[in-house]
Amino acid sequence: MAHDEPQAAGPTKLVIRNIGLVLSGAMERPILDADTIVAENGKITAIGRAGDVNAEGATTIIDANGTTVAPGLIDSHVHPVAGDWTPRQNQIGWIDSFLHGGVTTMISAGEVHMPGRPRDVVGLKAMAIFAQRAFWTLRPGGVKVHAGAPVIENEMVEDDFRELAAAGVKLLGEVGLGGVKDGPTARKMVGWARKYGIQSTIHTGGPSIPGSGLIDKDVVLEADTDVVGHINGGHTALPDNQIRCICEGCKRGLELVHNGNERAALYTLRIAREMGDLSRVILGTDAPAGSGVQPLGILRMVSLLSSLGEVPAEIAFCFATGNTARMRALDCGIIEAGRAADFVIMDKAQHSAGKNILDSVQLGDLPGVGMTIIDGIVRTQRSRNTPPATKVPEIVGH
Ligand SMILES: [Zn+2]
């Protein structure tokens with residue numbers, strides 16, 4: 001698939017019919033009573049039973065063939081650098097590979113793998129603005145990469161945040177990956193970022209690679225970022241009692257990543273459930289990382305948390321869709337009228353022991369992806385990366 005996917009020319013109407021299961025992405029109602037979804041010009045316009053929605057005038061008709069439609073998955077934590085190339089593992093096409101794992105939106109936690117990354121204030125601001133522009137212009141495979149996430153340095157002043165926001169920067173990279181590693185400075189700058197509408201996240205846990213440092217619970221709680229980035233470490237997790245302190249000591253997002261400590265992820269999940277706070281749980285991969293690129297990382301997290309964390313699969317999918325969309329103020333991630341028509345169509349993998357897709361995920365298997373759709377446009381059909389889906393959807397008309 002081309003790297004720079006064109007938007008549709010002229011009005012479009014997508015009808016997905018014969019859906020076996022609709023996962024909404026919203027925890028309060030994770031399964032919808034519907035077999036048909038209609039999207040016009042890239043936005044969802046109707047969800048319901050075939051007889052109850054207006055499917056007239058479709059420009060694309062998909063027969064879901066009884067498969068499952070969910071919102072496209074959101075990876076809350078990636079480190080992109082330049083288009084679909086990553087210098088971290090010197091790999092090309094990694095974002096397109098994630099699309100084959102059902103991911104349609106990515107959030108940068110900092111373009112920190114840029115060779116020769118500037119650390120002076122003018123340089124880091126320029127790089128953030130450049131990344132924001134470059135990834136908004138180029139969507140590998142159609143994937144929406146929200147990038148341009150500067151990593152804060154001690155020399156920054158309030159006006160730098162005002163200037164970044166005015167230039168279109170909406171995210172901070174992981175606090176702690178730059179020179180600012182102390183609570184008071186982080187808190188001051190995160191406050192400036194928030195004042196100008198810039199969201200923030202923090203590196204939680206031990207150093208990720210040589211050159212990064214420890215961020216413990218005191219710094220995390222004092223910095224008060226919008227998201228507690230990889231609370232299960234990336235890779236090295238904080239001790240359990242510190243993870244508990246963070247969960248109980250703030251109301252911020254609890255991000256669990258694939259490139260982290262899996263036991264600590266399950267521990268965090270348990271605490272969030274005890275607190276009745278599962279809506280705070282969101283998922284990322286932290287890719288590309290030392291552990292590589294994980295195109296199926298989000299699906300693997302869903303399966304891990306559902307099977308070993310004993311969360312119903314339809315709720316685990318919300319961690320990777322609606323929870324993230326709400327926390328990050330994105331227009332995707334939930335199947336409801338008015339939101340972006342970004343979908344992943346899946347079925348249980350061939351020969352899974354599960355009796356249906358949800359059962360298979362609860363047993364620890366990955367689903368097979370049969371199609372991805374972004375802004376109402378089909379981007380991929382049967383995934384080249386997941387185990388093959390038992391049933392796949394088909395484009396039956398234009
Ligand atoms: Zn990190």
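Reader: Hi! Quick one to start: which residue is the bridge partner of E255 in β15?
Author: Hello! That partner is I282. Bear in mind that this is a predicted model.

Reader: Let's switch to the metal. Which residues are the protein donors of the zinc ion?
Author: E174 gives OE, H203 gives ND1 and H230 gives NE2, and these donors lie 1.9 to 2.3 Å from the zinc ion. Along the sequence, the donor residues follow the spacing E-x28-H-x26-H.

Reader: Where do E174 and H203 sit in the chain?
Author: Both are in loops, 29 residues apart: E174 between α3 (158-166) and α4 (183-195), H203 between α4 and α5 (217-223). The pair links distant parts of the chain.

Reader: Is E174 buried or exposed?
Author: E174 is buried, and H203 is too.

Reader: What about G206, where is that one?
Author: G206 is in the loop between α4 and α5. Its relative accessibility is 7%, so G206 counts as buried, the cut-off being under 20%.

Reader: Which residues does G206 touch, leaving out those up to four places away in sequence?
Author: G213, L214 and T236.

Reader: And how far apart are G206 and S306 in space?
Author: They are 26 Å apart, C-alpha to C-alpha, and 100 residues apart in sequence.

Reader: Last topic: helix α6. Which of its residues are buried?
Author: In α6, which spans residues 240-249, Q242, I243, I246 and C247 are buried. Looking down the helix axis, the buried residues of α6 fall within an arc of 140°, so they line one face.

Reader: What does the face turned away from that buried side carry?
Author: That face of α6 carries N241 and G249, which are exposed.

Reader: And what covers the buried residues of α6?
Author: The cover includes α5, β13, β14 and α7 (262-274).

Key:
Residues are numbered from 1 along each chain as its sequence is written. This is a predicted model: local features need pLDDT of at least 70, side-chain atom pairs count only at pLDDT 80 or more; totals for chains, interfaces and linings use all residues. Side-chain values use heavy atoms; hydrogens and water are left out. Donors are N, O and S atoms within 2.8 Å of the metal (3.2 Å for Na, K and Ca); water is not among the atoms, so sites may look incomplete. Helices (H or I, at least four residues) and strands (E, at least two) are DSSP runs, numbered from the N terminus. Buried means under 20% relative accessible area, exposed over 50%, partly exposed in between (1.4 Å probe, protein chains only). Two strands pair if DSSP finds at least two bridges between them. Contact means heavy atoms within 4.5 Å. The arc is that of the directions from the helix axis to the C-beta atoms.
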